[in-house]
Amino acid sequence: MFRTCRFTGVTVRYLILTLFLSLSVLAHAEDDDWGEATTAFDAPAGKDQYADPWEDFNRKTFAFNEFMDRYGLKPVAKGYRKVTPQWMDDTVTRFYENLRDFRSGLNSVLQWRWNHVGQNWGRFAVNSTLGIGGLFDVATKVNLRKHNTDLGLTFARWGVPEGPYLVLPFFGPSTGRDAAAILPEDYMRLRHYIEHDLTRHSFTAVYIVDLRADLLDLEKNIVGDRYTFLRNAYLQRRRFETGDMPSLRFPDIESRDSELEQEYEDEGW
């Protein structure tokens with residue numbers, strides 16, 4: 001009984017705390033925070049490939065997320081950026097990215113991509129030791145490449161269908177497949193194994209605020225209808241990461257085209 005109740009309580013606290021992760025891409029900022037140009041993501045020609053059968057529900061959830069971000073997480077992220085020196089902000093980000101390398105390595109095993117396993121776990125080993133727990137990125141300097149992946153992409157590798165587009169409260173953009181991966185992937189995260197409540201909550205809160213602060217500048221790239229832009233950008237990026245479609249203009253992924261082609265030619269080896 002005690003163990004069951006404790007598990008339920010941990011799960012609820014996890015959902016409350018970590019749901020804020022995706023608020024970063026759902027921000028509703030002042031008018032001067034946004035661009036005014038049109039974008040390929042909301043072009044009429046893209047409607048069919050970005051089908052949204054639950055759009056009415058999704059837009060309502062999207063509006064709720066925007067409200068929560070505007071009056072909750074975003075002001076905290078702005079304050080964090082204002083008082084935190086850039087070098088410290090970068091150091092915090094590297095620490096959490098180092099943990100992500102380990103999680104990506106686990107998913108690479110499940111995807112049977114052993115070259116990526118070696119790269120990700122090599123990065124984790126080097127940065128956790130020589131990089132003092134990931135505070136410094138020594139692995140990049142010794143040419144160990146980063147291959148970010150997650151359980152949603154693992155499910156895609158296994159042939160699980162994408163499912164309909166879905167906006168989750170606090171979580172933000174998702175699909176049926178990605179939503180199903182959220183809770184199981186928590187078992188791959190360090191925070192799941194931190195017993196002390198205050199430490200676990202602090203660990204998660206710092207990660208959320210640091211991530212939100214790092215994404216403040218990216219909001220200016222959102223143009224046109226915000227809901228449509230974020231939906232199409234999210235689906236395009238996820239499909240690109242699974243190899244289902246080429247990239248268009250989403251930031252920072254054009255350079256990965258050649259890597260993706262080689263990776264699929266080699267069947268992950």
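Me: Which side chains meet in a salt bridge with Arg212?

Reply: Side chains of opposite charge can pair when their charged atoms come close. Here, the side chain of Asp69 meets that of Arg212 in a salt bridge, at 2.8 Å from N to O. A salt bridge is a side-chain nitrogen of Lys or Arg within 4 Å of a carboxyl oxygen of Asp or Glu. Asp69 belongs to helix α2 and Arg212 to helix α8 (residues 197-214), so the pair ties together parts 143 residues apart in sequence. Helices (H or I, at least four residues) and strands (E, at least two) are DSSP runs, numbered from the N terminus. The structure holds 21 salt bridges.

A word on the source: this is a predicted model, in which local features need pLDDT of at least 70 and side-chain atom pairs count only at pLDDT 80 or more, while totals for chains, interfaces and linings use all residues. Residues are numbered from 1 along each chain as its sequence is written, and side-chain values use heavy atoms, with hydrogens and water left out.

Me: At what angle do α2 and α8 pack?

Reply: Two packed helices are described by the angle between their axes and the distance between the axes. For α2 and α8 the angle is about 85°, and the axes are 8 Å apart. Axes are lines fitted to C-alpha atoms, for helices over the stretch in contact, and angles run from 0 to 180 degrees between N-to-C directions. α2 is therefore roughly perpendicular to α8, a term for angles of 65 to 115 degrees. Residues in the contact (heavy atoms within 4.5 Å) include Leu73 and Tyr80 of α2 and Ile208 and Val209 of α8.

Me: How do α2 and α9 cross?

Reply: The axes of α2 (residues 55-83) and α9 (residues 226-241) come within 11 Å and cross at roughly 105°. Among the residues in contact are Phe62 of α2 and Leu230 of α9.

Me: Which residues have a positive phi near 60° or near 55°?

Reply: Most residues other than glycine have a negative phi. Trp112 has a positive phi near 60° and is found in the loop between α3 (86-110) and α4 (114-129). Ile132 has a positive phi near 55° and is found in the loop between α4 and α5 (138-141).

Methods. Angles under 35 degrees count as roughly parallel, over 145 as roughly antiparallel, 65 to 115 as roughly perpendicular and the rest as oblique.
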